[in-house]
Amino acid sequence: MPDTLRDARPRAPRAASKRSVKLGLDSRIAKLSGFAVALLAIGACTAQLNGDASKGHPGGATSSGSNSPLGGMTPEQVLASAMCKSPQPGRAPLRRMSNTEYRNTVTDLLGDSAATESLVASATQTFPSETVSLGFRNNADYLGVSDLVAQGYLDASTQFLDAIVANQNLLPCSATTGGELDCGNTFVQTFGKLAFRRPLSDSEVTQYAAIFSKALAAYDFDTAVRTTALAFLQSPNFLYRVEYGAAQSGAYTQPSQYEMANRLSYLFWQSMPDQALFDAAAANQLSMPDQIKTQARRMLADPKASRLLEYFDEWLGTDTLSTAFVRDPTIYPNLDPNLVPLLQQETRSFVSDVLARPDGSLIDLLTAPYTFANAELAKHYGFSGPTGTDFVRVDTPGRAGVLTQAMLLARDKATRTSIVRRGLKIRLDVLCEKVNAPPPNVNVNLDTSDATGMTQRQRLEQHRQNASCAACHDLMDPIGVVFEGFDAV
């Protein structure tokens, strides 16, 4: 799961590489703009429960049924459980920004506009893709900085310097003869606070003021501003989310006010805090649950909250559907060539609707008897109702929630459905459990020749008679069979 909002971590040295944190939202937070926060909280608690239960098991896999660590609890019961109420810290490592977070942060730093978005998109288009872990691209353990990544940051930063110099919010003074150093110091503290997403320490002010002063002596004021800005944009304090903590409480270290502001902003907006969060941090108004809830509600009402869809894109896999959906045209002829973007838009419209409703819930996400479609997608499904290009709500008898939308079921073989792939998707990304990879040199292609006279389900049942196969397939196959009422298209 992506990192969630938490409020404590174990006492540790000031190195920011290994910290633990505590989930900081109670069950009432589930009402914030539907279930956005609750879903993340449930995932965190579920992952912790599963992690505890799976110690000693290869790959962390847990069994299904009555042995499940959740014990059949509902999402509401999970949120109300002792696991989510008492400190159960997880790791909070030093986090490099993902590519999406970097683009959003620079866009918000420079001033969100069409021109800024175009500039940032162009400057970052050659960034290497992040390593995907369990579907997500923001796993701190895999977000290192290779030579190629470092070069990308340097090249991108140089393209932002003109915009920084021209932005009065970032450079709020004009250099007068003899007053260049004073204006430079103002720039260091103003731009530095925004770039580091916290006030600079005295030593940092001295450090960056020295960079400005040296560049000013060697060149001119404009070059000094650019040089200093470039140094800020190359700093780990900009590229990473660094947490040192503040007050200690027993075995845990509380995050500072500005660290809490960053947790909120990167959870909901995948970007830096806005002025309201900076002001709240400065006024020590991000300590109590009610204060955090107030900010969360405000942020979810902001247009930038639409960035939450990035989480759902990665969790459900809508972002990779174009490569996952491949069908043999001889078996499935006349498929709409525009089907993939239609399926992506269906799920995004559905999720957006659930998030937007005050009474939207996790239950709706998983069981709602409706979806969204336009005329073109309705024709593919065989639905009636939509007549135009807009996606509108459509009742779906026989289907329930996001798990029965074609987007999620489309990860099949080119010639048939795949019980294993469907079951694996649910086991990994909905139940938050791990399944071991097949052993080396194992034939992973299920015999589907007509000569066997067996269905895929029967072949898999036979396959699981081998104990080495059953260890993993018992986790996937019974779930995947549930979806066999839906074909590969």
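The dialogue below goes through a predicted model and the reasons behind its labels.

Visitor: What does the protein chain hold, in outline?
Guide: The protein chain has 23 helices and 9 strands. Of its 489 residues, 48% count as buried. Among contacts with a separation of 6 or more, 68% join residues 24 or more positions apart.

Visitor: Why is A123 called buried?
Guide: The relative accessible area of A123 is 5%. Buried means under 20%. The value 5% falls under that cut-off, so A123 is buried.

Visitor: Where does A123 lie, and what is it in contact with?
Guide: A123 lies in helix α5, residues 114-123. Leaving aside neighbours within four places in sequence, A123 is in contact with A156, Q159 and F160. A123 and A156 are 33 residues apart along the chain, yet their C-alpha atoms are separated by 4.8 Å.

Visitor: Is R197 buried or exposed, and how do you know?
Guide: R197 has 2% relative accessibility. The cut-off for buried is under 20%. R197 therefore counts as buried. R197 lies in the loop between α8 and α9.

Visitor: Is N334 buried or exposed, and what makes it so?
Guide: The relative accessible area of N334 is 78%. Exposed means over 50%. The value 78% is over that cut-off, so N334 is exposed. N334 lies in the loop between α16 (321-324) and α17 (339-356).

Visitor: What is the phi of R197, and what is the phi of N334?
Guide: Phi of R197 is near 65°, a positive value in a residue other than glycine. Phi of N334 is also near 65°, again positive in a residue other than glycine.

Visitor: How do you know that the span of α10 agrees with its number of residues?
Guide: Helix α10 has 14 residues. The expected span is 1.5 Å times one less than the number of residues. For α10 that should give 20 Å. The end C-alpha atoms of α10 are 20 Å apart, so the two values agree.

Visitor: Which residues of α10 are buried, and why are they said to line one face?
Guide: The buried residues are F221, A224, V225, T228, A229, F232 and L233. Seen down the axis of α10, they fall within an arc of 165°, so they line one face of the helix.

Visitor: What covers those buried residues?
Guide: The cover includes α4 (99-110), α6, α7 (161-166), α8 (180-196), α9 (202-218) and α11 (236-239).

Visitor: How is the packing of α6 and α10 described?
Guide: Two packed helices are described by the angle between their axes and the distance between the axes. Helix α6 (residues 147-158) and helix α10 (residues 221-234) pack at about 145°, with axes 10 Å apart. Their crossing is right-handed. On the α6 side, A150, Y153, L154, S157 and T158 make the contact. The contact residues divide into 5 nonpolar, 3 polar and no charged.

Visitor: What about α12 and α14?
Guide: Helix α12 (residues 257-268) and helix α14 (residues 289-300) pack at about 30°, with axes 11 Å apart. The crossing of α12 and α14 is right-handed. M260, L264, S265 and F268 in α12 meet I292, Q295, A296, M299 and L300 in α14. These residues divide into 7 nonpolar, 2 polar and no charged.

Terms used: Residues numbered from 1 in each chain as written. Predicted model: local features only at pLDDT ≥ 70, side-chain atom pairs only at ≥ 80, totals over all residues. Heavy atoms only, no water. Axes fitted to C-alpha atoms, helices over the stretch in contact; angles between N-to-C directions. Helix = DSSP H or I, 4+ residues; strand = E, 2+ residues; numbered from the N terminus. Left-handed = near helix turned anticlockwise from the far one by under 90°. Contact = heavy atoms within 4.5 Å. Nonpolar A, V, L, I, M, F, W, Y, C, P; charged D, E, K, R; others polar. Buried < 20%, exposed > 50% of the residue type's maximum accessible area, 1.4 Å probe, protein only. Arc of directions from axis to C-beta.
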